[in-house]
Amino acid sequence: MKFTIEKQKFINILKIPSSIIDSGGINPILMGILLECKNNHLTIVSSNNNLSIKSSTQDLKIEKEGKVLIHGKLLYNVINKLKETSITLEVVDNSIMRISTPSFSSDLILLDNFGYPSINFEYQDWTKCPINGDYLRKVVKKLLNTTNISNDRTTPLNGILFDSTRLDGFVESIGTDGHHLSYLKQEYQGEKFKIIISVDILRTIEELLSNKKEILFYLKNKQLIIDINNILFNCRLLEGEYPSAIKALETQLQFHFLVNKQEIFNAIERGLVLASADKKPSVLFNINPDILKLSCRSIEYGSSYEEVVIKNFKSGSVSVSFNVKYLQNLIKNIDNNEILFQFTDGNKHFFVKDPNDVNYTSLILPIRMI
């Protein structure tokens, strides 16, 4: 194999595949990236236990075709540090990849590609599901921070549910960790589907979603291929039953109040200066007509108290405690200057909403006060 390519073009097709490689993985062969020069194309393939990626380009000069496996992160780091714009890569003695420019040369030892997994990126007979690009960007922005953050990447709570089977003409998405939840829906006309996509996969594709009007999902036998800008993602879907949250989302709510987003966020931030010392920092809401009283307490450092003006609350005093970090996640997701809180009583879930966005809602469970 021998080819010459501009540095930035090589970086563009190498960056995403190299980003998913787990350097500390159990299978050493998956630390490599498969490079293949064939039919005037350079194709790059990488894989881990959850995701495989294929990217390609024709913007290069191929002198000799071939296929090799090379340490992915090492290759990316070397290429990324080069100062010249044009780079030549050549296999030497069947075991060395020589990377050279007019002023630089480096020999990288190739990996044995025997046993590298055969990955399917052909989706011609798969079910095509077009997803609105703006919708997918909102899912990544608003739902990912309410999912489970454990290292167990096999549970459904480590993913986002996409479901177009429940509501005719809509696709719904839910992210939850069992303590707080975000929900988003969007008009959808396409084949019915219901899948759980890993948060890690959605984070990987995030930077490619900019200005994309439509993202193509291809589904077959519980497998998913995503096509974005001619980069293909073969995704391992999460299995299991996603927690049923629809009943909670459809709760009839008795009370509500409006509060300025920046004022309540700043008040919580100030209280967190003390409360953050606790393992599970909390904030106590004492809700009264016109006034929300916020209290934060730390066994080690002390306490703080602050009042914030609210609107439209018509009830007696209600007291409730929340996990500060969970509440912050939901407040950050609101794009409006005002936040709508809705609830039935202080012992059940609270909704945190954008009053001008009917397609997005979130909820948080109170901390039980002893």
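Reply: Let us begin with a group of charged side chains: Lys-141, Lys-142 and Asp-335 are linked in a network of salt bridges. The model is a predicted one, in which local features need pLDDT of at least 70 and side-chain atom pairs count only at pLDDT 80 or more, while totals for chains, interfaces and linings use all residues. Residues are numbered from 1 along each chain as its sequence is written, and side-chain values use heavy atoms, with hydrogens and water left out.

Me: What makes Lys-141 and Asp-335 a salt bridge?

Reply: A salt bridge asks for a side-chain nitrogen of Lys or Arg within 4 Å of a carboxyl oxygen of Asp or Glu. The closest N and O atoms of Lys-141 and Asp-335 are 3.2 Å apart, and the pair therefore qualifies. Lys-141 lies in helix α3 (residues 133-143) and Asp-335 in the loop between α7 (324-332) and β23 (338-343), so this pair ties together parts that are 194 residues apart in sequence. Helices here are DSSP runs of H or I with at least four residues, strands are runs of E with at least two, and both are numbered from the N terminus. By the salt-bridge rule the count comes to twelve.

Me: Why can such side chains pair at all?

Reply: Side chains of opposite charge can pair when their charged atoms come close.

Me: Why is Asp-335 called partly exposed?

Reply: Buried means under 20% relative accessible area, exposed means over 50%, and partly exposed is what lies in between, with a 1.4 Å probe and protein chains only. Asp-335 has 48% relative accessibility, so it falls in the middle class.

Me: How do you know that Arg-98 and Asp-107 belong together, and which class does each fall into?

Reply: Arg-98 and Asp-107 form a salt bridge whose closest N and O atoms are 2.8 Å apart. Arg-98, at 32% relative accessibility, counts as partly exposed, and Asp-107, at 40%, is partly exposed as well.

Me: Why is Thr-43 called buried?

Reply: The relative accessible area of Thr-43 is 17%, which is under the 20% limit, so Thr-43 is buried. Thr-43 has its place in strand β3 (residues 41-47). Leaving aside neighbours within four places in sequence, Thr-43 is in contact, meaning heavy atoms within 4.5 Å, with residues including Leu-34, Glu-36 and Lys-54.

Me: What makes Phe-343 and Phe-350 a stacked pair?

Reply: Rings of Phe, Tyr and Trp (its six-membered ring) pair if their centres lie within 6.5 Å, and planes under 30 degrees apart count as stacked, over 60 as edge-to-face and the rest as tilted. For Phe-343 and Phe-350 the values are 4.3 Å centre to centre and 10° between the planes, so the pair is stacked. Phe-343 is buried, with a relative accessible area of 0%, and Phe-350 is also buried at 0%. Both rings belong to one aromatic cluster, whose members include Phe-255 and Phe-285.

Me: Which residues touch the most other members of the largest nonpolar core?

Reply: A nonpolar core is a set of buried Ala, Val, Leu, Ile, Met, Phe, Trp, Tyr and Cys residues joined through side-chain atoms within 4.5 Å. Of the 69 residues in the largest nonpolar core, Phe-233, Phe-285 and Ile-287 touch the most other members. Helix α6 (residues 261-275) gives the most to this core, with six residues.
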